[in-house]
Amino acid sequence: LPQGSWPTQQKTTVCSSTCSLPTMASSSNSSTDLLVTLDTAERGADAEIVATIDALLKSDEPDAAAKAILIAFKRRNHDKSQAADGGPGEKRFLLTVISEMLGRGEVDKVERVLPLVPLYGSWRDLLVLAESLAGTSAEEQTEATKTVVKSIAALFAHQMQTDDDQMALDESFLPSAACKYAPHGRRHGGATAAPPTKRAAGGGGGVAKRPRSALGAEANKKKVSEAHTVAKLLGKAVASELNLDPCTQSAEYRKLRSRLNRRLTERGHLVEPLLCMKDAASIKFKQAPKGSLAKYKAAIMADEVAARRWAKAQNSSLAAVADLNDLGAAVVDWNDEKLEDDESLKFFAKRIEKAVETAKDAKAEIRKAAVDVLGQLQGTDDDVPQLTDSAVLPLVGAGGNKSLETRLLAAFLVLKAQGLTAFAIHDEVISVAADATFDTFVELVEASGAATREASPATLQRGATALLAHYRADALASTAAADEEKGDDEGKVQAKADSLPTGNPDILFLCSDFAPYATPAEGAELADAIQALQTDAGLRSLLVHRLRSVRTAAASDCEYRARSLRPLPAKSEVVVDLCICMDCTGSMGAWIDAAKTHLVAIIEELGRDIEVADIRVAFVAYRDFDDQDRKVIEPFASAKDVGRVVRCIRDQHASGGGDEPEDVISGVEGMRSLEWRGDVRMCLFVADACAHGYLPGKGAYQGHDDHPTGLCPDQKVCLPDLMHQFAHEDGVDLIMCQISNRTSKMEEMFKGVYAAADDKDPAAAELGPRGYGVLPMSSGASAFKEAILSCLSSSLLELIGNDTLTSGVQTFDGSTLSSLVSTMNSSLRESTHAVAERLRNAKEEAVAAAAAAAEEEEIAAIEAKIAAKEIAKLKEVEMADADADAEVEVEVEAEGAAAAQPEDD
């Protein structure tokens, strides 16, 4: 995009939905791997993204910054993301890449892509980016950040002014969403917003206090005030770009926003204002954001007129249908919809239809890329890997404690996306009519009774064998039917050109937790079963997709990797020790309430997730020196007796804590006194204040510490020494629940203690030391259960989940449609990448050979020049010698002539 130009409302073809970057001949192997890593980075893995960008910019990749930005736009705009748990709307990825490029001096590229951000994402992306830059401290502000903020303000101003001019000329004109997200004193992007207020129970119309944060209620007020201040400054910047009269600038800016937003509301494009005005019937369902429709579904359905208009819109176009992405949430909607008497208000079938079309489109994009690569195979060697399009046959894992309906929905989508008519559950194959609904699908499973059986490698082998045999019988019948139909040769040629050879099918094993064996003997049995399926039944690969819930943003930011003290026994015999160590001073009331409310549910659900022998729970509370109940210890209790620990937590009240730091040493001493016996030992450390001696900041920003040496009067062992004993002698992992940034200095000390034994781990530099992790709790105490459970579940499953390394088995995770589609297409994508890699290497070898030949020719030419010069020099020497000899002869002759003449008398 030329610098200084403005984009139109129509998107340009800046990026494609399939990434062709790995096939570039100009890239080296290492830089290509970095581009692929960036394209497949897990959603929310900011540390990995930043590290990849840093390595990419240091590599020899031409235009590395531009290609990284291209990938960011691709992932922001498309729902065919290569990343696990990816999908549409990856705005965080885009903003992370742009921020990193800006921090590395790529200001020109950032300014050039800013106009594209709202076209491939949202105007809110620009708002959040501007807030993140303008909200930094004065010391961190640079000319580059100020320039970009000014450019963003100019974009908002230009778009709103253009919209206003067009609206004045055309009454039917619909403005962009720039006015909706334009910054002003009471409008910000949410990145710095405080938790929303809640109405107090018991009436009175009052407003309940917000949950206390790290520094209490005043910190929340300060946070909101800072957000409003930044938004107000950005609003002034936009108003200045509009060249409004300084005396009435604020009022005119407000009127401009109001005019544009009113038009959007009148045309039904803003869902929230229409709902606030109780005018849901005016919503334009085909144009309204699908996320807003899903979010406010209950309010829309409560309005009879709006519900019927939405039903009519969905029946006429899939564009009005809310997306089906989270499969677990979709099953809940399906169950709720079964209670609806009015058939015209049931939308689940349409959502299934839209999801199937999404899956087909994703497969078509990858197939198109594969066909393009296949065209480049002409004339290549026979050892180039062959591209094949394999069917993916769903096999639903029976049993388990997770929702069977979610697995069935995944299997149903896989069938519909490929036009298959059979699947397996456990070891039984079930045929499904082509026009069957999901309700019929579930009824067939319930009638079979297969869902209640126990699974093993043997039953998995039987189910896969039967499913493969059924598929091959159907394939033969389809081939015979196709042979009977005669078509013209041109049609056959075209069909052949647009398709790929069919290879051995994959079995897609859908389960909640892939742990098919508990002993080495069962592991060997699984390996034998896979080998037999590949040899005898024609299996290509077993794709295992675990339908686990997508981790929360807070949990995905936690880079905790669990440890075990010794080789783990069979999974059913593993014992996990979990201690909750909590600061119970005055500012921790909301967190104490969250622990006492959710602890039983956390332990029960964690037990269902990881299915171990026992989860033992203990609790340690600490306060400050001279506080009443300075230290409270509740010993370990089994999962069945966790109520005893909950009663201890209920007895705790938020009290004490004179200065800012607390007596953390007492808490660690209390944990060391516990009887740790588990195979895996973990501590959840919940605190909003640091230990004595670890106040961050300097000067007036450091705060007051009554014991700055780190030791209270009755203590002799410093905190780092205690933590070293706790981590390496007791073998306990530590997960720091980060409520406040005031614990940052203490967190660095904790990290250093655990890193001391991880100096030989190559992943420690990137992922952090084993046994320690920081879990951000920015969502407040209300998200305590979700964040804690997702972190513990994912980390323990990675340690004891029996992820197999058996040949022919690939394991995937995710409960979203995009992750399921990614798993379905993994075989074709991998084979396409392998062929593209071989082609790229061949091109690189040809380029290298040509360069070597050119270099040899150049060397030969240089040598010829040198030889010619030497010959010329020899000739010059010979001529000079000849001239010298001639001169000598002349001189001799002259001397002889002179001697022959008589002397004059």
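Buried here means under 20% relative accessible area, exposed means over 50%, and partly exposed lies in between, using a 1.4 Å probe and protein chains only. Keep that in hand for the first stop, helix H31, where eight of its eight residues are buried.

**Before you start**

This is a predicted model, in which local features need pLDDT of at least 70 and side-chain atom pairs count only at pLDDT 80 or more, while totals for chains, interfaces and linings use all residues. Residues are numbered from 1 along each chain as its sequence is written, and side-chain values use heavy atoms, with hydrogens and water left out.

Show the whole chain as a cartoon. Of the 905 residues in the chain, 45% are buried. Among contacts (heavy atoms within 4.5 Å) with a separation of 6 or more, 78% are between residues 24 or more positions apart.

**Stop 1: H31 and its partner H18**

Select residues 817–824, which form H31. The buried residues are Leu817, Ser818, Ser819, Leu820, Val821, Ser822, Thr823 and Met824.

Axes are lines fitted to C-alpha atoms, for helices over the stretch in contact, and angles run from 0 to 180 degrees between N-to-C directions. That angle makes H18 oblique to H31; under 35 degrees counts as roughly parallel, over 145 as roughly antiparallel, 65 to 115 as roughly perpendicular and the rest as oblique. The crossing is right-handed: a crossing is right-handed if the near helix is turned clockwise from the far one by less than a right angle, and left-handed if anticlockwise.

Show side chains for Ala410, Leu413, Val414, Ala417 and Gln418 of H18, and for Leu817, Leu820 and Met824 of H31, to see the contact. Seven of these residues are nonpolar, one is polar and none is charged. In this scheme Ala, Val, Leu, Ile, Met, Phe, Trp, Tyr, Cys and Pro count as nonpolar, Asp, Glu, Lys and Arg as charged, and the others, Gly among them, as polar.

**Stop 2: the aromatic cluster**

Select Trp334, Phe348, Phe412, Phe423, Phe438 and Phe441, a cluster linked by ring pairs. Rings of Phe, Tyr and Trp (its six-membered ring) pair if their centres lie within 6.5 Å; planes under 30 degrees apart count as stacked, over 60 as edge-to-face and the rest as tilted. The structure holds 13 aromatic pairs. One of them, Phe438 with Phe441, is stacked, at 6.3 Å centre to centre and 20° between the planes. These two are three residues apart in helix H19 (residues 438–448), so about one helical turn separates them. Both Phe438 and Phe441 are buried.

**Stop 3: two loop residues with positive phi**

Go to His426, in the loop between strand S4 (422–425) and strand S5 (428–431). His426 is not a glycine, yet has a positive phi of about 65°. The residue is buried, at a relative accessible area of 5%.

Then jump to Asp626, in the loop between strand S9 (614–622) and strand S10 (631–637). Asp626 also has a positive phi, about 75°, without being a glycine. At 66% relative accessibility, Asp626 is exposed.

**Stop 4: H7 against H8**

Select residues 123–134 (H7) and 143–169 (H8), whose axes come within 9 Å and cross at roughly 150°. H7 and H8 are therefore roughly antiparallel, and their crossing is left-handed. On the H7 side, pick Trp123, Leu126, Leu127, Leu129, Ala130, Leu133 and Ala134; they meet Thr145, Val148, Val149, Ile152, Leu155, Phe156 and Gln159 in H8. By class, this contact has twelve nonpolar, two polar and no charged residues.

**Last stop: Ser541**

Finish in the loop between helix H22 (520–536) and strand S7 (542–546), where Ser541 is found. Ser541 is buried, with a relative accessible area of 3%. Leaving out residues up to four places away in sequence, Ser541 touches Pro505, Asp506, Ile507, Gly808, Val809 and Gln810.

Technical notes
Helices (H or I, at least four residues) and strands (E, at least two) are DSSP runs, numbered from the N terminus.
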